[in-house]
Amino acid sequence: MTGDTQRHDDARPQRAPVGDQPARAVPRQAPTPEGRLVCTVERLRREVLEAQAAADGRALVELAKGILIGQLHCTPAAAARQLDVLCRDSGMTPLELAADIVNQASRDHVSEIAAEFVERTGAAGDPAEQHSAVSVRLRTAESGMLAAADTQAVAESLLTNALGPLGAVAVAVWTAVPDGSLALAGHAGFRPGEAARWRHVPPGVSTVARLALRERRLVTLARLKREGLPSIGHLQWPDGGRMAVPTGTGGRIHGVLEICWPQPLAPQPPQIERQVEALAELCARTMDASPPRDLTTTEAVLPDVAELIDLAEGLQDPAVVLTPVLDPEGRLSDFRIRHAGSRFVDPVGRPRGDVNGALLLEAYPTAAGDGGLFDIIERVHATGEPFRAERMSLTALVDQIPLTSVADISVSRHGAAVLLIWRIEDETARLADILQHAQRLGRIGGFEENLATGETTWNAQLYALHGLPATAPPVRLQELPGYAHPDDSAALVRFLRAVLRHRRPASVNLRLQRPDGITRHIRVVAEPVLDADQQLYAVRGAYQDISAQHWTEVALAATRDQLAHTEAESAERNRLALQLQHAIMPPTPPAIEAPGLRVAVRYRPAETESLVGGDWYDTVVLPSGLIMLSVGDVAGHGIEAATGMVVLRNALRGLAVTGAGPAQLLSWLNTVTHHLAKHVTATAVCGLFDPSTRVMRWARAGHLPPVLVRGGEADAFPLIEGLLLGALPDVTYVEREVQLEPDDTLLMFTDGLVERRDSSVQDSLRHLVNAAGAGAGDLDGQLDRLLAESRSDTDDDTCLIGIQVG
């Protein structure tokens, strides 16, 4: 989008020529009949657009002439001559002068936008020219839109007169349907087939227009494809920008104006957004079918709402009919309670006459909070989408005291009015239902025993707990020992003595033996009731079936015993695995001296003993004089991983004596892993170093490659093929040769040194290579530094071998 510093000589947008000019002359071919037809259609289309733009400009000039006729009391011919004289004296074009005359006469929102642009813009140029450019564009668009026969013509006038000069290539005008869908009411710049595909957007589909409608404000999308929101023309301009703004009047949103740019849209200044909002307001005026407003009362002059009142009277729930109240600038400020139904029940008990005819925010000022009732009604009035909610709080002020009630709410729009329905909950009945439900869920039964009359009262739940029919006589407290297990007699005697003799609240757990032969675990809670003379005259309390709790506690006790036994076994297994691992690979092994090499090893066990792993390293001088260097990692943790590590490490040592190369050694080790070790998989790197030639042959089985440090620079060996050990019965491995030089340092390691949960293996390996190349010093110092700077966060075992060539 560009600024508004350019000068408009007329209302027609500047259009680029169709096609590119040839760089050199070529033989001209005779046009085909189809080509001539296409050229004719394009020429006629351009002429129609230019004619429409010229007509819109002439309408603006005629409007200015009419204003001069009214102000100068002259004839139309004299007004035309006066307009020509003013143009000649001011140096302005007729369109610019006409827009200026209309602005001065109307002093409306469009005039404010033009003046604000000149005041706030920081663009270079003559302010008068900038003012004229904005005025001409907006006034010409207004003139064309007011003269348009339908919304389709409005969209075409918008693109031609106002949005084309801003760089826009297409416009869509959406109508918001009360059911939540969007209908394409008008469009310009889009292909005909594209418009047909987007003529209706069902409710709930997220689009650019839906976003603006949901947020009820102007939204700008820099690149449509990046935002992931579909819309009309998104395949034609996938990287283009979009701007969408709701169109509405009097607090009601009629639809959305959506504007399309072919290229990414840079952040726009507030002045441009204000112009787009002004165009949306002009668009809304052509779409608004609501009645006019009474300027003396700032309220809409609505048609008779008798039908809606009849509907409210026919409902069984309280209902009110609301109509919008607008401020002097036409914005929604409140709602008038036009009618309160005959079944109206105020949430705080006020009579119907106190709220009938009042403003909503006067009757219920607390409804104005964020997300409150007023926001809900305003949204329904704006969008037409109904609202339903259960158990919503309604608060009103009575004598400055906030009183709150709970109700089910329904809000719907009917024309320009809103119908609000609520159903107040009977709190007493609701609490009684909750109490009964809680008693059923908790298997609780209540009782009251009058000691003076001997009368005992039970509720239905207590009969069910005892397994007695509702016609059976209740069991008195003193008769309770006859229904309990004999082993509970002593506890029952203490319970009865505390309640009946010492007059203290008490409780007891007992095993109730029911007539049907079922034994239930019951808790009895009782409290004494004293009269005015502090004499005991009644006992109240409850029985609770705690059988499920009792058996749960028994099961938990057994589970705790089992867990303690399992934890002891697990701790013993971890201790054995750790001892086995440390026996084979001590955490701080001494440096290894080999012909032509100096080998140093660092082994870091897992921080948690329960994560004892299967990492191994080995350095062996073979009978042939070659030196085998290997490192590996058995998958998993615990005793199985530790024993698998011992098997594979010893197997590789034995196989190396045969004199085979590293690829053959790994192939044999794969066979051992697959057939001899159960459910074991592992990764490994095996290398054979010849001290006489300093040649290293190596192969890998799913393991990270070694890292070579030479002359202060580090790099990983090229990754070669090699499946992990144990995955398949027969695998062929590839080996490579590397010529090492004196003072080279070779690093072999397990993934515990580099692996991170938030990074890929390649990124972690790259970090290790950078760290290895940046360090200097002796071999032990390098290994200690790499281990200390390791970014691994998987709490796994780590093996690190450093080989320095002599």
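**Cavities and an antiparallel sheet**

Two cavities of 30 Å³ or more were counted. A cavity is a set of points, on a 1 Å grid over the protein atoms alone, where a 1.4 Å probe fits but cannot get out. The model is predicted: local features need pLDDT of at least 70, side-chain atom pairs count only at pLDDT 80 or more, and totals for chains, interfaces and linings use all residues. Residues are numbered from 1 along each chain as its sequence is written, and side-chain values use heavy atoms, with hydrogens and water left out.

Helix α21 (residues 761-774) gives the largest share, four residues. Helices are DSSP runs of H or I, at least four residues; strands are runs of E, at least two; both are numbered from the N terminus. By class, the lining has five nonpolar, three polar and three charged residues. Nonpolar covers Ala, Val, Leu, Ile, Met, Phe, Trp, Tyr, Cys and Pro; charged covers Asp, Glu, Lys and Arg; the others, Gly among them, are polar.

The second largest cavity has a volume of about 30 Å³. Among its lining residues are Glu 313, Asp 317, Arg 343 and Phe 344.

Elsewhere, six strands form an open antiparallel sheet, ordered β3-β2-β1-β6-β5-β4. Strands pair if DSSP finds at least two bridges between them. The edge strands are β3 (200-201) and β4 (219-221). Strands β1 (residues 170-176) and β2 (residues 182-188) pair over six bridges.

How values were computed:
On a 1 Å grid over the protein atoms alone, a cavity is a set of points where a 1.4 Å probe fits but cannot get out, and a pocket is an open set with protein on both sides within 12 Å along at least five of seven lines; lining residues have an atom within 4 Å of a point. Grid points are joined across faces, edges and corners, and a volume is the space filled by probe spheres set on the points.
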